[in-house]
Amino acid sequence: MELFYTQIGEHVIHLICQSEALMGIIRKNFQAADPIVSKPDLVIYIKGGYGIPFVDYYVEITKEVDSISFRRADYLIEAELDYRYAVISVNNELALKHALMNMYSSYVVHHKWGLLIHSSCVMDKGRAYLFAGHSGAGKSTAAKLSMPRNLLSDEATVVKITPDKVTIFNSPFRSELDRTTGAEENSPLAGIYLLNQAVDNHIVPLSKSSGFLHLMDKVFYWSHSPEEIRDILQLLQQLVNSVSICELHFQKNDTFWELIS
């Protein structure tokens, strides 16, 4: 059995795993942190050999008096109601990635710390710029075109939201680009850009209400609790009140940064 500590956002996570293959995936995707004497924020026990490879995104949610479970064809999460402890059983690497991402999303929402948003995010001159959009809009493309700027995410952005500040943390939940490109970095969020690939570069400012609606389906979350949906909406409201939101119509090159920084 191997013990592994990592940090996501401001949270120390203790991962416990018996499978050498699964531990290899964890070491590849998550930066090791020093063991801590005090209690970690989350403890996750990981098992292999569960279910079948990915079929679809359907998740069956079962809530009991003192626990909640999330069952997909390729993974099962059995968590305490405060999401501080969970057992995750997975079929393969994809299942492990999705299970850990959604487990962490549930944790930050439950504790009203912030959100995990489907987007890429890039640092420029000490400030973070978040790029969101529908599937195929160019989130990963915008991230690649932004090199050599530090990348904080290319799939799921870790967003801390307080009433007076929004901070972006380096995300281990990546799709294509290496997590070390933004290692140890965090930054205040300077703006949100909804991506549209176009023949020329231009920006269209959005109202707070329009930006809010566009971001609602970008949050990683399973809908199962009216109280937690209310918390998500409140966090999103704080987010859109803190930064500007624009449509970014961009050519497939790095010239769009002339409109941003």
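1. Strand β3 is mostly covered, with five of its six residues buried; buried here means under 20% relative accessible area, exposed over 50%, and partly exposed in between (1.4 Å probe, protein chains only). Helices (H or I, at least four residues) and strands (E, at least two) are DSSP runs, numbered from the N terminus.

2. Before going further: this is a predicted model, where local features need pLDDT of at least 70 and side-chain atom pairs count only at pLDDT 80 or more, while totals for chains, interfaces and linings use all residues. Residues are numbered from 1 along each chain as its sequence is written, and side-chain values use heavy atoms, with hydrogens and water left out.

3. Now the neighbours of β3. It runs parallel to β2, joined by five bridges, and Leu15 sits opposite Ile44 of β3. β3 also pairs with β7, again in the parallel sense over five bridges, and Ile46 has Ile88 in β7 as its bridge partner. Two strands count as paired if DSSP finds at least two bridges between them.

4. Zooming out, the open sheet has seven strands in the order β1-β2-β3-β7-β6-β5-β4, with mixed pairing. β1 and β4 (60–63) are at the edges with a single partner strand each, so one side of each has no neighbour in the sheet. The twist averages 15° from one strand to the next. β4 pairs with β5 (residues 67–72) in the antiparallel sense over four bridges, and Ile61 stands opposite Phe70 in β5.

5. Helix α1 (residues 20–29) has Leu22, Met23, Ile25 and Ile26 as its buried residues. Seen down the axis of α1, these fall within an arc of 155°, so they line one face of the helix; the arc is that of the directions from the helix axis to the C-beta atoms. On the other side, Glu20, Ala21 and Lys28 are exposed. What covers the buried residues includes β1 (2–8), β2 (11–17), β3 (42–47), β7 (85–90) and α2 (93–110).

6. As for the cores, a nonpolar core is a set of buried Ala, Val, Leu, Ile, Met, Phe, Trp, Tyr and Cys residues joined through side-chain atoms within 4.5 Å. In the largest one, of 40 residues, those touching the most other members are Ile44, Ile46, Ile77, Leu100, Met103, Tyr104 and Phe173. Its largest share, nine residues, comes from α2. Apart from it lies another core of 28 residues, including Ala128, Leu130, Ile161 and Leu236.

Note on methods: Contact = heavy atoms within 4.5 Å. Axes fitted to C-alpha atoms, helices over the stretch in contact; angles between N-to-C directions.
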